[in-house]
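Subject: Structure for you to look at

Dear colleague,

I am passing on the structure we spoke about, and below it you will find my notes on what was found. Please read them with the model open beside you.

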Amino acid sequence: MFERLFKIKSHGSSVKREVIAGLTTFITMVYIVFVNPAMLAEAGMDQGAAFVATCIAAAIGCFIMGFWANYPLALAPGMGLNAFFTYGVVLGMGYTWQAALAAVFMSGCIFLALSLFKVREWIINAIPLVLKRAIATGIGAFLALIALKNAGIVVASPATLVQMGDITSSGPLLAILSFFVIAALLYRDIKSGVLISIMLVTGIALSMGLVEYQGVISAPPSIAPTFMQLDFASALELSMLSVIFAFLFVDLFDTSGTLVAVTQKAGLADEQGRMPRLGRALSADSTATIAGSMLGTSTTTSYIESVSGVSVGGRTGLTAVVVGCCFLLMMFFAPLAAMVPAYATAGAILYVSVLMLQNLKLIDWDDMTDAIPVAVVLLMTPLTFSIAHGIALGFIAYTAVKLVCNKGAEISLSVWILTVLFLLKFMFLS
């Protein structure tokens with residue numbers, strides 16, 4: 001049955017490897033079921049209902065991606081988009097969370113239409129191969145910053161923006177241990193090395209009293225307070241158009257960047273960087289966004305943490321299906337999952353960033369028209385803390401450097417259009 005649904009053998013994988021990949025991906029992204037409800041609660045939403053909505057929306061997205069698109073790509077409500085939902089739309093602009101949910105629903109519908117009419121597919125296929133590689137490395141650098149921040153190895157500084165934290169404290173030391181355990185295990189071809197490392201560090205933290213035992217099983221909270229609470233009347237106001245467009249725009253390019261990075265790492269793209277079944281993959285997160293808004297959560301999107309599962313052998317949709325099942329089970333095992341500290345997953349995220357930075361070896365550094373856009377994406381993605389901004393600045397740099405170096409003929413019409421759209425975005429929406 002698995003072979004018929006997912007074609008596991010033809011992808012050079014096995015059921016065991018796909019299950020391990022799914023568990024690995026889930027463990028690296030499970031933090032969202034705690035972070036997202038807490039953030040939405042600041043917008044006035046019921047935290048328990050938002051917790052259940054987060055789990056179900058993630059499961060729906062993973063199942064569609066796995067069964068229909070057959071990609072090892074997991075989905076869940078996106079970080080950044082939930083911050084915009086709470087701090088930008090509700091607390092910043094003064095809209096109700098019900099109106100914000102309706103805006104998410106409408107952006108998802110537009111997103112789905114763009115996917116069905118292959119507009120999104122055209123956008124992703126329009127990305128030059130050098131920029132696709134640049135996006136993967138930029139996201140790798142972004143993940144490194146997140147990992148170091150979560151571990152407490154890098155902290156904020158009012159004088160220098162960032163500085164080294166107290167690396168002799170337990171959190172950073174355990175994160176460093178996790179990183180080297182992963183390296184040692186995967187070097188020896190132990191595919192579950194990432195998962196073993198996370199569980200090992202969590203166990204050590206528990207034995208040291210750094211993590212509090214909170215039980216194993218609890219009944220899921222009621223989803224009634226947020227279910228079908230969309231306020232379309234407020235969302236249809238003219239002033240909400242910019243909000244809907246912002247949800248759409250950020251999700252579009254964050255998802256596109258993630259798809260490019262994951263498929264490049266998994267070897268699922270062809271020599272030109274094109275992805276099979278791209279239309280189906282592009283429809284999965286938009287459908288999950290629509291469902292998630294009805295359940296009571298912010299925009300659902302593809303997760304770059306999926307690369308952690310790919311790095312241990314995940315190649316088919318079975319990986320995503322395993323993640324989806326884990327999210328459903330998560331509704332009953334919230335206390336157990338809450339014991340996994342951020343520094344336990346920081347080592348895994350940092351190792352994934354190392355793997356993604358390997359794309360740098362494929363860049364022709366002697367050609368400045370390739371090297372400069374790559375450098376822009378590589379630096380600006382983590383420094384702006386935004387995949388979407390990194391992609392946008394990379395396109396602008398690519399077009400500009402090709403023009404000034406008399407290589408304008410290499411700029412396709414699609415790249416021209418996207419560059420102009422990015423410029424307009426920075427001029428009027430930043």
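The axes of helices α4 and α13 come within 9 Å and cross at roughly 160 degrees, and since an angle over 145 degrees counts as roughly antiparallel, the two helices are therefore roughly antiparallel to each other. In this crossing, which is right-handed, α4 passes α13. On the side of α4 the contact is made by Ala53, Ile56, Ala57, Ile60, Gly61, Ile64, Met65, Trp68 and Ala69, and on the side of α13 by Arg280, Ala281, Ser283, Ala284, Thr287, Ala288, Ala291, Gly292 and Leu295. Sorted by class, the residues of this contact divide into 13 nonpolar, 4 polar and 1 charged. Please keep in mind throughout that this is a predicted model.

Helix α13 itself covers residues 278-295, and its 18 residues reach 26 Å from the first C-alpha to the last, which is close to the 26 Å expected at 1.5 Å a residue. Of these 18 residues, 15 are buried, so α13 is largely enclosed by the rest of the structure. After α13 comes Gly296, with a positive phi near 120 degrees.

A second pair of helices is formed by α19 (residues 387-404) and α20 (residues 413-428), whose axes come within 9 Å and cross at roughly 125 degrees. These two helices are therefore oblique to each other, and their crossing is left-handed. From α19, the residues His389, Ile391, Ala392, Leu393, Phe395, Ile396, Tyr398, Thr399 and Leu403 meet Val415, Trp416, Leu418, Thr419, Phe422, Leu423, Lys425 and Phe426 of α20. The class count for the contact of α19 with α20 is 13 nonpolar, 3 polar and 1 charged residues.

Since 13 of the 18 residues of α19 are buried, the helix is largely enclosed by the rest of the structure. It is Asn406 that follows α19, and the phi of Asn406 is positive, near 60 degrees.

Two further residues deserve a look for their backbone angles. Asn70 has a positive phi of about 55 degrees although it is not a glycine, and its place is in the loop between α4 (47-69) and β1 (75-77). Is Asn70 buried or exposed? With a relative accessible area of 8%, Asn70 is buried, because buried means under 20%. Leu161, which is likewise not a glycine, has a positive phi of about 75 degrees and lies in strand β3 (residues 161-164). Leu161 is exposed, its relative accessible area being 66%.

Finally, I would point you to Ser178, whose place is in helix α9 (residues 170-187). Ser178 is buried, with a relative accessible area of 0%. Leaving aside residues up to four places away in sequence, Ser178 touches Ser197, Val201, Ala344, Gly347 and Ala348. By contrast, the C-alpha atoms of Ser178 and Thr96, which are 82 residues apart along the chain, are separated by 42 Å.

With best wishes

Key:
Residues numbered from 1 in each chain as written. Predicted model: local features only at pLDDT ≥ 70, side-chain atom pairs only at ≥ 80, totals over all residues. Heavy atoms only, no water. Axes fitted to C-alpha atoms, helices over the stretch in contact; angles between N-to-C directions. Helix = DSSP H or I, 4+ residues; strand = E, 2+ residues; numbered from the N terminus. Parallel < 35°, antiparallel > 145°, perpendicular 65-115°, else oblique. Left-handed = near helix turned anticlockwise from the far one by under 90°. Contact = heavy atoms within 4.5 Å. Nonpolar A, V, L, I, M, F, W, Y, C, P; charged D, E, K, R; others polar. Expected span 1.5 Å × (residues − 1). Buried < 20%, exposed > 50% of the residue type's maximum accessible area, 1.4 Å probe, protein only.
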